[in-house]
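Okay, thanks for coming, everyone.

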Amino acid sequence: MNRRLLLKTLAAAPLAALAARALAVTPKGDTNVEQLQENWKNLLPAGAKVPSASEPLELSKDEWKKRLDEAQFRVLRKEGTERAGSSPLNSEKRPGVFACAGCGLPLFTSAMKYDSGTGWPSFFTHIPGALQTKRDFGLILPRTEYHCARCGGHQGHVFDDGPPPTGQRWCNNGVALRFLPKEGGA
């Protein structure tokens, strides 16, 4: 990337965030965050068995390569990013739970999801204890990156340009998630 393009990109970042916020669709239904976080299991399919964040999953690089496809490995294990608009989960609207594609830990529910207009599945909150954050300086400006608390798989970045009630946008790579629809099984 040449310097001029880099400077233009950095200058446009605040405008892009404002535009995304303006286009964002505010979450519908119950937006009591505490209740959504408390009652997330109500959106699991009947009989679904999901792991707990207290059950760590540590695998070798070769074991991860066997478990994940190429795109999932690049995002989850190498902190890559999928192309915007490429995930079918961006338009997923059925009731259910979004789990880590690496280990199956539930991270978000459909009640926490909203259309951010960015091209990635976005959520205004998450399931408590499911995610860990760290600072990321990959694009020079600091961002907050988040990972699955169970396997450490990279999920995405959290921004402060989301809708009420939290004002947060947990912007997730679709390939890093697996959707468990409430109806129709896991």
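Let me start with a question: are Phe-108 and Tyr-146 buried or exposed? Phe-108 is buried, and Tyr-146 is buried too. Keep in mind as we go that this is a predicted model.

So, the aromatics. The count comes to five aromatic pairs. Take Phe-108 and Phe-123: their ring centres are 3.9 Å apart and the planes sit at 10°, so this pair is stacked. It links distant parts of the chain, with Phe-108 in strand 2, residues 106–109, and Phe-123 in strand 4, residues 122–123, 15 residues apart. Phe-108 and Phe-123 are both buried.

Now back to Phe-108 and Tyr-146. Here the ring centres are 6.3 Å apart and the planes are at 75°, so we call that pair edge-to-face. Again, distant parts of the chain are linked: Phe-108 is in strand 2, Tyr-146 is in strand 6, residues 141–148, and they are 38 residues apart.

If you zoom out a bit, ring pairs join Phe-98, Phe-108, Phe-123, Tyr-146, Trp-170 and Phe-179 into a cluster. And there's another ring to look at, Trp-64: Arg-77 lies over its face, 4.2 Å from the ring centre.

What does strand 8 pair with? Strand 4 runs antiparallel to strand 8 and is joined to it by two bridges, and Ser-122 stands opposite Cys-171. Strand 7, residues 154–159, also pairs with strand 8 in the antiparallel sense, over four bridges. There, Val-158 has Trp-170 as its bridge partner.

Cys-148 is buried, with a relative accessible area of 0%. Cys-151 is in no disulfide either; its nearest cysteine sulfur is that of Cys-100, at 3.7 Å. Cys-151 is buried as well, with a relative accessible area of 8%.

That's what I have, thanks.

Note on methods:
Residues numbered from 1 in each chain as written. Predicted model: local features only at pLDDT ≥ 70, side-chain atom pairs only at ≥ 80, totals over all residues. Heavy atoms only, no water. Phe/Tyr/Trp six-rings, centres within 6.5 Å; stacked < 30°, edge-to-face > 60°. Buried < 20%, exposed > 50% of the residue type's maximum accessible area, 1.4 Å probe, protein only. Lys NZ or Arg CZ within 6 Å of the ring centre and 35° of its normal. Pairing = 2+ DSSP bridges. Disulfide = S-S within 2.5 Å.
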